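Please walk me through this structure in the viewer, one selection at a time. For each stop, say what to select and what is found there.

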Amino acid sequence: MITLTFSTRLKEEMTEYNSNLMEKRAELSAILRYDAKIEKDKITLTSENAKIARRIYSYLKEVFGINIKIIVRNQKRFRIKQIYILEIKEKVNYILESLYIYENGKKIKANENYFEAFEEKVSYLRGTFLTIGSINDPSTSGYHLEFVFLTKTDAEFIKNILKSFKIEAKVLKRSNRYMTYIKSAEVISDIIKMFHAVNSLFYFEDIRIYRDHKNMVNRLNNCEIANQEKTTQTGIKQIESIKFMKENDLMSLLDDHTQIVLEYRYKYPESSYAELAEIISLETDYKIGKSGINHHFIKMKKLIEQYKDKC
């Protein structure tokens, strides 16, 4: 049984969204611009996904009322899979001009003014993603959405479409292609939501919440380890200072409460200030808090400094 990738599952769910006529035109414009082989009297579209091929077929029939030839081929490169080929030989120039791909028989650049409504821009983005887009499975790798283009002009155009949604994307050249990509998990989630892919959105958000929680736990553990190491290092230094005090008969110069704190520090060198305060409060008549512990060590430090200054 073939396991579908997250991108494939997402695209198949996207095909279930029923667009209006305006949205269908915008979606077809992107699909034909970025994925069609355009010849003088023929347009050819190829897809490995039956649901995407069916969507393109039905949209072309509905919008332009044309006959479309469907060819199904079996590919046996690594595993047997079917390739769906759509051939359009009717109204070729009319279709290309209606979808703002050609003008006067020549291909023109994509223009944002052709798709001004929010729904049109989303549909154009949907058509682009269905043909040349992908999203990493969040459970197996980092967050990454990309569109791969033949030209930098097309990559920049999609970047500008995204910018109109207040989404910042980057363009990168990779081999002989150009990639428009996004790595923000929150932004990718918003785009999936824009595509009306509810099941894919829930899956993505579940993984995102799990990973965020796991990262938070790791950060807390790291902080705890760092704090413990800091406490240990502090305890070692204070033990050395207490030994210095004893070797130089300085303990008697401190008040009784400070001597109690130093005595308990000597017994519990790895305890934090809060733990030390709790132990002293439980085992003696001296009730003290974390700040009080710190105050006594400051007194010890000052006494040692004064003694060293005199020597």
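How do the residues of the lining of the largest cavity divide into nonpolar, polar and charged? There are five nonpolar, two polar and one charged. In this count Ala, Val, Leu, Ile, Met, Phe, Trp, Tyr, Cys and Pro are nonpolar, Asp, Glu, Lys and Arg are charged, and the others, Gly among them, are polar.

Before going on, note that this is a predicted model, in which local features need pLDDT of at least 70, side-chain atom pairs count only at pLDDT 80 or more, and totals for chains, interfaces and linings use all residues. Residues are numbered from 1 along each chain as its sequence is written, and side-chain values use heavy atoms, with hydrogens and water left out.

**Stop 1: the cavity**

Select Asp35, Leu45, Thr46, Ser47, Ala53, Ile56, Tyr84 and Leu86, which line the largest cavity. Strand 2, helix 3 and strand 4 each give two or more residues to this lining, and strand 2 gives the most, with three residues. Helices (H or I, at least four residues) and strands (E, at least two) are DSSP runs, numbered from the N terminus. The space inside is about 30 Å³, and the structure holds one cavity of 30 Å³ or more. On a 1 Å grid over the protein atoms alone, a cavity is a set of points where a 1.4 Å probe fits but cannot get out; a pocket is an open set with protein on both sides within 12 Å along at least five of seven lines; lining residues have an atom within 4 Å of a point. Grid points are joined across faces, edges and corners, and a volume is the space filled by probe spheres set on the points.

**Stop 2: the second largest pocket**

Now select Tyr34, Asp35, Ile132, Leu150 and Arg177, the closest to the centre of the second largest pocket among the 13 residues that line it. This pocket holds about 290 Å³ of space. Its lining takes at least two residues each from helix 2 (21-35), helix 5 (118-132) and strand 8 (145-149). Helix 2 contributes the most, with three residues. By class, the lining has six nonpolar, two polar and five charged residues.

**Stop 3: helix 2**

Eleven of the 15 residues are buried, where buried means under 20% relative accessible area, exposed over 50% and partly exposed in between (1.4 Å probe, protein chains only). The buried residues include Glu23, Lys24, Glu27, Arg33 and Tyr34.

**Stop 4: salt bridges**

A salt bridge is a side-chain nitrogen of Lys or Arg within 4 Å of a carboxyl oxygen of Asp or Glu. By this rule there are ten salt bridges.

Select Glu12 and Lys51, which form one with N to O at 3.8 Å. Glu12 lies in helix 1 (residues 6-14) and Lys51 in helix 3 (residues 50-64), so the pair ties together parts that are 39 residues apart in sequence. Glu12 is buried, at 17% relative accessible area, while Lys51 is partly exposed, at 34%.

Next take Glu87 and Lys42, whose closest N and O atoms are 4.0 Å apart in a salt bridge. Glu87 is in strand 4 (residues 81-88) and Lys42 in the loop between strand 1 (36-38) and strand 2 (43-47), so this pair joins parts that are 45 residues apart in sequence. Both Glu87 and Lys42 are buried.

Then select Lys299 and Asp255, a salt bridge with its closest N and O atoms 2.2 Å apart. Lys299 lies in helix 11 (residues 290-310) and Asp255 in the loop between helix 8 (198-247) and helix 9 (256-267), so the pair ties together parts that are 44 residues apart in sequence. Lys299 is partly exposed, at 29% relative accessible area, and Asp255 is partly exposed, at 30%.

**Stop 5: helix 11**

Which residues of helix 11 are buried? Gly292, Ile293, His296, Phe297, Met300, Leu303 and Ile304 are. Seen down the axis of helix 11, the buried residues fall within an arc of 140° (taken from the directions from the helix axis to the C-beta atoms), so they line one face of the helix. The face turned away carries the exposed residues Lys290, Ser291, Lys301, Lys302 and Asp309.
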